[in-house]
Amino acid sequence: MTTQNTAKGAYTAMTVTALQSLANDATDPFAGWQSVRVDDQSSVKALDYEIIIDLSTAATSPANDSAAYAYLVPWMTTDGGTTWISGGNFGTTTLPAGTEGTASMSDPNSMKGPIPIPYKVTSQRLEAMFSVLQMCGFVPDGWSLAIRNCTGADLGTGCVVSYRAITETST
């Protein structure tokens, strides 16, 4: 008899260089951050991914929306991983790139989400946890994240965005 078990991989920290110190932006189009694309097609082939976001903030009072927003961009590969098409846009003429960096985004857009991360107290850490399956309804060939900051405070230098694959094993 075979037993199926859920297995959780190790957390992988994403590069967040452009997220560190991301300024508050309450004007559409918003300045934001985009992550590198995570490829689920070539190796992991996970059932889902857990994502955790932990953002530090400057000592500034809440303003504007009093929240940061996390979005998921699904990706499809047309040839096994060389050519990628984003399944969501930023609502601007700039498309997701699949590389870590800045992003100009608007609302509405066609990304999945957002997950609002409330900022209600000065110097509050912003934390959220969600899954790709929760955001997208399925696990696409690849995915990336986008975050915009409308808290009233600039983000600090202690920001962390991590994920881990959830797979199934047989014993």
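**Entry 1: a starting question.** Does Asp 107 count as buried, partly exposed or exposed? I looked it up and found that Asp 107 counts as partly exposed, because its relative accessibility is 30%; here buried means under 20% relative accessible area, exposed means over 50%, and partly exposed lies in between, with a 1.4 Å probe and protein chains only.

Before going on, I noted that this is a predicted model, in which local features need pLDDT of at least 70 and side-chain atom pairs count only at pLDDT 80 or more, while totals for chains, interfaces and linings use all residues. Residues are numbered from 1 along each chain as its sequence is written, and side-chain values use heavy atoms, with hydrogens and water left out.

**Entry 2: salt bridges.** I searched the whole structure and found 4 salt bridges, a salt bridge being a side-chain nitrogen of Lys or Arg within 4 Å of a carboxyl oxygen of Asp or Glu. In one of them Arg 148 pairs with Asp 107, and the closest N and O atoms are 2.6 Å apart. Arg 148 lies in strand β11 (residues 142–150) and Asp 107 in the loop between β8 and β9, so this pair ties together parts that are 41 residues apart in sequence; strands (E, at least two residues) and helices (H or I, at least four) are DSSP runs numbered from the N terminus. Arg 148 is buried, because its relative accessible area is 5%.

I then turned to Glu 50, which meets Lys 8 in a salt bridge of 3.0 Å, N to O. Because Glu 50 lies in strand β5 and Lys 8 in strand β1, the pair ties together parts that are 42 residues apart in sequence. Glu 50 also forms a salt bridge with Arg 164, with the closest N and O atoms 2.5 Å apart, and this pair links strand β5 to strand β12 (residues 160–170), 114 residues apart. I therefore wrote down Glu 50 as buried at 10% relative accessibility and Lys 8 as partly exposed at 48%. Lys 8, Glu 50 and Arg 164 are linked in a network of salt bridges.

**Entry 3: a buried charge.** How far from Asp 48 is the nearest side chain of opposite charge? That side chain is Lys 8, 9.2 Å away, and Asp 48 is buried yet has no salt bridge; in this count Lys and Arg are positive and Asp and Glu negative, with His and the chain ends not counted. Asp 48 is found in strand β5 (residues 48–55). I found a polar contact of 3.0 Å between the side chains of Asp 48 and Ser 131, where a polar contact is a pair of N or O atoms within 3.5 Å, one able to donate a hydrogen and the other to accept it within protein, and residues adjacent in sequence count only if both atoms are side-chain atoms. The side chain of Asp 48 also reaches the backbone nitrogen of Leu 133 at 2.8 Å.

**Entry 4: the backbone.** I looked for cis peptide bonds and noted one between Asp 28 and Pro 29, with omega about 5 degrees, and another from Asp 107 to Pro 108, with omega near 10 degrees. Ser 21 has a positive phi of about 65 degrees although it is not a glycine.
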